[in-house]
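Please examine the sequence and the three-dimensional structure shown below.

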Amino acid sequence: MSGRFIAAIDQGTTSSRCMIFDSSGAIVAAAQMEHRQIFPRPGWVEHDALEIWANVQTVVAQALERLGIGAADLAAVGITNQRETTVVWDRATGLPIANAVVWQDTRTAGLCEALGRDAGQDRFRDRCGLPLATYFSGPKVRWLLDHVQGAREKAERGDILFGTMDTWLIWNLTGRHVTDVTNASRTMLMNIRTLDWDEEILSAIGVPAAMLPEIRSSAEVYGMSRGVLDGVPVASALGDQQAALFGQTCFQPGEGKCTYGTGAFLLVNTGEAPVASRHGLLTTVAYQVGDAPAAYALEGSIAVAGSLVQWLRDNLGFISTAGEIEELASSVADNGGCYLVPAFSGLFAPHWRTDARGVLVGLTGYVTRAHIARAALEAVAWQTREVVDAMAADSGRTLEVLKADGGMTANNLLMQFQSDVLDAPVVRPRIAETTCLGAAYAAGLAVGFWPDLAALRDHWRQDAAWRPAMTPETRAREYARWKKAVDRTLDWEDGTSAG
């Protein structure tokens with residue numbers, strides 16, 4: 001092994017980043033670029049995959065330049081990515097046949113309803129661990145094959161390829177068509193037990209096997225990079241939430257974390273066997289290191305968290321920068337009686353209601369934009385509370401502490417409110433950007449930069465903690481009002497207008 005550093009590419013929903021880490025797991029350089037959010041119709045969300053690839057090359061070059069090193073100084077690069085976002089491209093030209101269909105996109109609502117037939121949302125759950133929902137990649141692939149002329153015939157010949165963003169980046173870096181078990185487990189097309197593509201589901205949804213990538217572990221060398229990272233081993237891939245779990249060193253069953261990014265995602269390690277949820281959670285692969293058995297997790301997925309702040313900034317003009325929301329929300333003592341439920345793409349866990357749409361309720365003449373800003377932050381915390389309750393119902397265990405990470409953990413008002421509504425401590429690690437860290441850790445393990453999981457656990461350090469200060473009466477009253485607001489979101493869409 002050569003190289004003094006490990007790089008990680010984090011291809012997220014709103015931006016792409018490159019971070020470089022030293023042997024202690026400390027960030028020594030970083031660069032980031034946002035990409036366009038494309039909304040062709042209500043409920044549709046797209047990305048330009050070529051723009052994303054160009055941005056990734058730029059941020060990698062910038063991070064290397066800021067540290068004053070070259071690619072030869074890197075022992076490996078790992079990849080973490082927005083999950084479920086679907087890219088289909090031409091094998092010969094490398095060009096996408098359409099814009100990427102983002103995980104938030106709801107155009108497949110009618111297709112998912114048709115696929116459910118009499119069996120409903122759980123038609124494939126025992127095989128893939130997931131409900132039938134617009135969130136996942138499989139129906140998105142089917143939609144593209146149905147709506148791009150000639151795509152299905154090319155897919156059946158293997159002339160066009162499918163991948164989530166990890167696969168797209170690995171293809172462009174190495175020419176290899178591979179994915180890892182964590183990303184594959186989010187497509188609805190992989191058997192959660194065999195860790196291979198499920199022929200029955202492929203046939204039912206209508207996705208040809210010839211267009212699918214090879215499924216590999218989360219920590220192994222997939223190939224050698226070309227271009228800006230010439231000669232560097234591409235040695236890990238993890239969906240962003242699994243990467244955060246790995247970066248938080250949640251290696252034992254029962255350990256978990258919540259990442260506050262574009263959405264919010266709570267994952268708990270369940271060990272070497274998949275656990276079926278009875279309360280609206282997802283069964284997913286947590287990670288697999290080389291030839292070791294895969295670890296599984298239960299996950300609660302919340303579609304809108306940080307993107308709600310972005311919406312207040314970009315669509316409503318409430319703030320100029322995302323960081324301003326804490327000051328604005330702190331200028332009032334409470335939400336003024338208003339509640340904002342951001343069901344922009346339906347409700348994810350634990351409800352799984354594609355018919356839901358966002359609501360702002362409880363408005364009076366007293367309410368100001370500051371109250372709405374506070375209600376937006378509170379919405380993130382209440383959605384997390386719903387998922388924590390579902391976790392407790394599935395596991396029979398009460399949450400003792402929440403490990404929190406992601407960009408929104410810098411918001412002290414949100415973290416305190418989160419502790420209040422959970423009635424449990426919230427702890428932030430010293431390195432809050434654990435998504436990149438997890439990808440770096442996995443790549444470092446694959447090439448011997450770090451020896452084992454125990455060495456990674458030794459790196460974890462607490463940065464800040466919040467403890468509950470809300471009275472039980474206030475907590476119960478506010479939660480009841482939140483649930484009333486959630487009820488108002490339901491039955492808005494009938495599934496026929498999704499395309």
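The paragraphs that follow describe this structure, which is a predicted model.

Let us begin with the charged side chains. Side chains of opposite charge can pair when their charged atoms come close. The model contains 30 salt bridges. In one of them, the side chain of R107 meets that of E46, with 2.9 Å from N to O. R107 belongs to the loop between β7 (100-101) and α2 (109-116), while E46 belongs to strand β4 (residues 46-47), so this pair ties together parts that are 61 residues apart in sequence. R107 and E46 are both buried.

A second salt bridge joins the side chains of R186 and E299, again described by its N to O distance, 2.9 Å. This pair links distant parts of the chain, for R186 is in the loop between α7 (181-184) and α8 (199-205), whereas E299 is in strand β16 (residues 295-302), 113 residues apart. Are these two partners buried or exposed? R186 has a relative accessible area of 0% and is therefore buried. E299 also counts as buried because its relative accessibility is 0%.

The side chains of R481 and E478 meet at 3.5 Å, N to O. Both residues lie in helix α16 (residues 472-487), three residues apart, which is about one turn of the helix. An α-helix has 3.6 residues a turn, so residues three or four places apart point the same way. R481, at 39% relative accessibility, counts as partly exposed, whereas E478, at 11%, counts as buried. Some salt bridges share partners, and in this way R83, E84, R186, D240 and E299 are joined into one network.

We turn next to a helix and its surroundings. Helix α4 (residues 137-147) is mostly covered, since eight of its 11 residues are buried. These buried residues are S137, G138, P139, K140, V141, W143, L144 and L145. Which elements cover them? The covering parts include β6 (87-90), β7, α2, α5 (151-157), β8 (160-163) and α8.

T259 is placed in strand β13 (residues 256-260). Its relative accessible area is 4%, and because buried means under 20%, T259 is buried. The side chain of T259 has a polar contact of 3.5 Å with that of Q241 and another, of 2.7 Å, with that of K257. When neighbours within four places in sequence are left aside, T259 is in contact with Q241, A244, A264, F265, D405, G406 and T435.

The largest pocket has a volume of about 1100 Å³. It is lined by 45 residues, and those closest to its centre are G43, T106, F344, S345 and R357. Which element gives the most to this lining? The answer is α10, with five residues. The elements α2, α10 (306-314), β17 (339-341) and β18 (359-361) each supply at least two residues of the lining. By type, the lining of the largest pocket divides into 17 nonpolar, 19 polar and nine charged residues.

The second largest pocket has a volume of about 870 Å³. Its lining comprises 38 residues, of which T14, Y260, G261, T262 and G407 lie nearest its centre. Two or more residues of this lining come from each of β2 (15-21), β3 (27-34), α9 (240-247), β13, α10 and α11 (324-330). In the second largest pocket the largest share, five residues, comes from α10. The lining of this pocket divides into 10 nonpolar, 19 polar and nine charged residues.

Finally, the backbone itself deserves attention. Most residues other than glycine have a negative phi, and most peptide bonds are trans. The peptide bond from A349 to P350, however, is cis, with omega near -5°. P350 is placed in the loop between β17 and β18. M188, a residue other than glycine, has a positive phi, near 75°. M188 lies in the loop between α7 and α8 and counts as buried because its relative accessibility is 0%. L195 is not a glycine either, and its phi is positive at about 60°. The loop between α7 and α8 is also the place of L195. With a relative accessible area of 18%, L195 is buried.

Note on methods:
Residues numbered from 1 in each chain as written. Predicted model: local features only at pLDDT ≥ 70, side-chain atom pairs only at ≥ 80, totals over all residues. Heavy atoms only, no water. Salt bridge = Lys/Arg side-chain N within 4 Å of Asp/Glu carboxyl O. Helix = DSSP H or I, 4+ residues; strand = E, 2+ residues; numbered from the N terminus. Buried < 20%, exposed > 50% of the residue type's maximum accessible area, 1.4 Å probe, protein only. Polar contact = N/O pair within 3.5 Å; in protein donor to acceptor, adjacent residues only side chain to side chain. Contact = heavy atoms within 4.5 Å. 1 Å grid on protein atoms, 1.4 Å probe; cavity = no way out; pocket = protein on both sides within 12 Å on 5 of 7 lines; lining within 4 Å. Points joined across faces, edges and corners; volume = space filled by probe spheres on them. Nonpolar A, V, L, I, M, F, W, Y, C, P; charged D, E, K, R; others polar.
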